[in-house]
Amino acid sequence: MTIFQFPKDFRWGTATASYQIEGAAQEGGRGVSIWDTFARTPGKVFNGDNGDVACDSYHRYEEDIELMKKLGINTYRFSIAWPRIIPDGDGEINREGLDFYVRFVDALLEAGIEPFLTLYHWDLPQTLEDDGGWGNRRTVDAFVKYAEVIFKEFSGKINFWLTFNEPWCIAFLSNMLGIHAPGNKDLQTAINVAHGLLVAHGKAVQSFRRLGITGQIGIAPNVCWAEPYSKSPEDQAACDRSIALNTDWFLDPIYKGSYPQFLVDWFAEAGATVPIQDGDMEIISEPIDLLGINYYTMGINRFNPEAGVLQSEELNMGLIKTDIGWPVESRGLYEFMHYLQKYGNVDVYITENGACINDDLENGKINDDRRISYYEQHLAQIHRIINDGINLKGYMAWSLMDNFEWAEGYRMRFGLVHVDYRSLVRTPKESFYWYQNVIKNNWLEIRN
Ligand code: GCO
């Protein structure tokens, strides 16, 4: 048996996102988001599922907070639905929507749980998308206005802020690969979206400073770690492109004030350019305080001219996979955290990490041992990373409960708590009790 002790002030948490758990889509004055529209478009989401009801957390948040208390987390990451705050994107403020989050944040604080707030986890007001979305500066300005409403309302209560969750997904998964809302399939559109959201991020951080808001602010990219299939320079270059498009494409502008040139050149070959306006890079590189990192899996990649715009093909290496098909490989997290040191030893929180394991209730229990094993491996790496002197300060498991898994609908379950989508009954899984124990001890015991 091996014991890994964690630092005294380590943050243990879970994460969720508004559209995935709230439901109540037509209540409280909420406007329509691009995910409402996308989910209603035939063929986009598995089984035609949508977030109209989801986990009904809009009504059941007190029950959810009871679960968090039982779990023992000291931090909870959640996101605010912009269409609840400004239903048509940049018009009137909807006090009813704001009040919902005031009640929620107060209840978290009352429970002794630190709220970790994400401003944008993908539910863009549809009106803004109709007018060109993130590629239009109107959306950028509307985001800053929305962010300022939230900053002012929650200053003094929130100490941890994130502007955007997974910029690669917002830009490329949603606008080049077409898998997420709004579902465009165009490289230039994706690059425009990426640039628009970076400018929005920078402007929001500038407002945060100007308004003297409490706490620290940053952004949460998702990591794609990739290792080359062979020693050939082509395979290594393919991996470099995959890694860089997820992280460097966003973090270089923020930390260095410029895009990674090798990718700019690569995209130029494909006929796409970044629509940089005067002053943009100064805005984007406004210093931030922390980074959120979302990590799930890694790939073994090779160069293949047929493999999309990056010509980087992920190979099936026969590794153990979670039920969504992602290889279980914690090593990529370790490697990536060292790679990240090129930006300096910045404060990092793992803002998402978890496994899709679709085990269901059997005799009133969910024996999700494969999820426990996934968490064990990743927490062991995190312990190693901290021991290497890297400023990794907290860990948020994805997710507190099963929820709407975007294009996969409800069939893919990532929760520590099982949700019966008919009755909306919540049942803690075995992994919940396992995590509860880790948090209580502040150490990880490896079974061997
Ligand atoms: C994400 C997503 C989550 C997903 C999770 C599992 O940020 O990718 O924030 O919403 O549910 O990653 O795919």
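Biologist: What volume does the largest pocket have?
Modeller: The model is a predicted one. In it, the volume of the largest pocket comes to about 1,200 Å³.

Biologist: Which residues lie nearest the centre of the largest pocket?
Modeller: The lining of this pocket is made up of 45 residues. Helix H8 (167-175), helix H10 (233-246), strand E9 (298-303) and strand E10 (312-314) each give at least two residues to that lining. Nearest the centre lie Trp 168, Leu 173, Asn 222, Glu 314 and Trp 326.

Biologist: How many residues of the lining of the largest pocket are nonpolar?
Modeller: The lining is divided by class. Six of its residues are charged and 14 are polar. The nonpolar residues number 25.

Biologist: Where is the ligand, in terms of pockets?
Modeller: The shell around the ligand divides into six nonpolar, four polar and three charged residues. As for its place, the space that the ligand takes is the largest pocket.

Biologist: Which of the residues around the ligand come nearest?
Modeller: There are 13 residues around the ligand. Those that come nearest are Gln 20, His 121, Asn 165, Glu 166 and Glu 405.

Terms used: Residues are numbered from 1 along each chain as its sequence is written. This is a predicted model: local features need pLDDT of at least 70, side-chain atom pairs count only at pLDDT 80 or more; totals for chains, interfaces and linings use all residues. Side-chain values use heavy atoms; hydrogens and water are left out. A residue is near a molecule or strand if one of its heavy atoms lies within 4 Å of it. On a 1 Å grid over the protein atoms alone, a cavity is a set of points where a 1.4 Å probe fits but cannot get out, and a pocket is an open set with protein on both sides within 12 Å along at least five of seven lines; lining residues have an atom within 4 Å of a point. A molecule sits in a cavity or pocket if more than half of its atoms lie within 2 Å of its grid points. Ala, Val, Leu, Ile, Met, Phe, Trp, Tyr, Cys and Pro count as nonpolar, Asp, Glu, Lys and Arg as charged, and the others, Gly among them, as polar. Grid points are joined across faces, edges and corners, and a volume is the space filled by probe spheres set on the points. Helices (H or I, at least four residues) and strands (E, at least two) are DSSP runs, numbered from the N terminus.
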